[in-house]
Amino acid sequence: MSELRAAAETAVEQCLALEADDSCVIVTDDEREPIGEALYAVAREITDDVAIVRYPPGDQHGEEPPETVATALAGADAFLAPTTKSLSHTRARSDATEAGARGATLPGITEDVFVAGLDADYGRILEECERTLERVAGADEIRVTTDRGTDITFDLGDREWFDDTGDVSKPGSFSNLPAGEVFISPESADGTFVVDGTMRPHGLLEEGQEIEFVVEDGLVTEISDDEIRQDVEAAAEECEAQSVSKRSGETAEQAGDAAYNLAELGIGTNVGVTELVGSVLLDEKAAGTVHIAIGDDAGIGGDVEAPIHQDGILREPTVYVDGDKLELPTAGH
């Protein structure tokens, strides 16, 4: 519990900046109760107006929670939600933040990931986000290479960079925790990227295990891993079926391309993460890594909706910003 306590203090005191006159709700479920209780204990020492709401785990990410949970979120100044399935993209969460509540979701969080990702100096993480964002903002092109065979160039167009600092101290602000990344949805990309870190459904890849993706004109055209390829194919079929049923004027084949969309380029800035653990939520934030995602990008500045968003983490990348090498954040420093 002492390890959970330190991480909970970071979430409540640094990220949420909870104050004595704030109302606060901790939303958790049966499988994440120890994390919820640790957050509640810290919050209880700051404000008397605090509650913990627990409910059975949902069946899938984005599923709406029970009405009692939605009501609790909407009625609080601040919230933290360590849950098995993500509440990030639910109406309950968005309605709460639109009404002025501030807070963070911790989707799929485990005790190990909670400790590793939040027992960190979030002031330093904020500084690394700001420094990295300053270097990449306004760039036309980003190139990423690795010794494992990655060589891919991203055309950014007029897309906006975002940073995930974990700072949810202002009314209406929202983040995932653990935090620590700078990211963009590029307009297009060409090249090859080789995942050698973490990627679902495999988790942390074994030494020498690699997953190769070929990208042409912003679409993935080849995937070396059978399981991931099957997941993307299934998502593409779902897109095609939805397109036909909606009679949107888009062909089924065009709709299916959404699943193959090159969705995201992200740079990890969490200097407290010293090694990958097999959790995409944490590992994509690890300082000095790059993550590349395919599928949906509508929520991060893009225009593609798809029932899949698959991130793959690359170890020890070299990043060039309009031809100039970028100094990446370093874990532990």
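**Entry 1: two helices side by side**

I began with helix H3 (residues 67-74) and helix H4 (residues 91-98), whose axes come within 8 Å and cross at roughly 20°. That makes H3 roughly parallel to H4, since angles under 35 degrees count as roughly parallel, over 145 as roughly antiparallel, 65 to 115 as roughly perpendicular and the rest as oblique. For my own reference, axes are lines fitted to C-alpha atoms, for helices over the stretch in contact, and angles run from 0 to 180 degrees between N-to-C directions. Helices (H or I, at least four residues) and strands (E, at least two) are DSSP runs, numbered from the N terminus.

A note on the source: this is a predicted model, in which local features need pLDDT of at least 70 and side-chain atom pairs count only at pLDDT 80 or more, while totals for chains, interfaces and linings use all residues. Residues are numbered from 1 along each chain as its sequence is written, and side-chain values use heavy atoms, with hydrogens and water left out.

Back to the pair: H3 and H4 cross in the right-handed sense. I noted that a crossing is left-handed if the near helix is turned anticlockwise from the far one by less than a right angle, and right-handed if clockwise. Which residues of H3 and H4 meet? I found Ala70, Leu73 and Ala74 on the H3 side, and Ala92, Arg93 and Ala96 on the H4 side. Contact here means heavy atoms within 4.5 Å. Sorted by class, this contact of H3 with H4 has five nonpolar, no polar and one charged residues. The classes are simple: Ala, Val, Leu, Ile, Met, Phe, Trp, Tyr, Cys and Pro are nonpolar, Asp, Glu, Lys and Arg are charged, and the others, Gly among them, are polar.

**Entry 2: the parallel sheet**

Next I looked up an open sheet of five strands, with parallel pairing and the order E2-E1-E3-E4-E8. Two strands pair if DSSP finds at least two bridges between them. At the edges I see strand E2 (50-55) and strand E8 (174-176), each pairing on one side only. On average, neighbouring strands of this sheet are turned by 15° against each other, direction ignored. Helix H3 turns up again here: H3 packs on the sheet and touches strand E1 (24-29), E2 and strand E3 (78-83), with its direction at about 150° to that of E1.

Strand E4 (residues 102-107) runs parallel to E8, and three bridges join them. Thr105 is found opposite Asn176 in E8.

**Entry 3: the antiparallel sheet**

I then traced an open sheet of seven strands, with antiparallel pairing and the order E14-E13-E10-E6-E5-E18-E19. Strand E14 (219-223) and strand E19 (324-325) each have a single partner strand, so one side of each is left without a neighbour in the sheet.

How many bridges pair strand E5 with strand E6? I get five, in the antiparallel sense, between E5 (residues 141-145) and E6 (residues 151-155). Glu141 stands opposite Asp155 in E6, and Thr145 has Asp151 as its bridge partner. E5 and E6 form a hairpin with five residues between them, and Gly149 in the turn has a positive phi of about 120°.

E5 is also joined to strand E18 (residues 318-321), antiparallel, by four bridges. There, Thr145 stands opposite Thr318.

**Entry 4: helix H1**

Helix H1 (residues 2-15) packs against helix H5 (residues 111-118) at an angle of about 55°, their axes 9 Å apart. That makes H1 oblique to H5. The crossing of H1 past H5 is left-handed. Glu3, Leu4, Ala7, Ala8, Thr10 and Ala11 of H1 make the contact with Glu111, Phe114, Val115 and Leu118 of H5. By class, I noted seven nonpolar, one polar and two charged residues.

Arg5 and Glu9 meet through their side chains in a salt bridge, 2.7 Å from N to O. I take a salt bridge as a side-chain nitrogen of Lys or Arg within 4 Å of a carboxyl oxygen of Asp or Glu. Arg5 and Glu9 are four residues apart in helix H1, so about one helical turn separates them. A search of the whole structure gave me 18 salt bridges.

Where does Ala17 lie? Ala17 is in the loop between H1 and E1, and has a positive phi of about 50° although it is not a glycine.

I also came across cis peptide bonds. One joins Leu177 and Pro178, with omega about -5°, and Pro178 lies in the loop between E8 and strand E9 (181-184). From Arg200 to Pro201 the peptide bond is cis too, with omega near 5°; Pro201 sits in the loop between strand E11 (198-199) and strand E12 (203-204).
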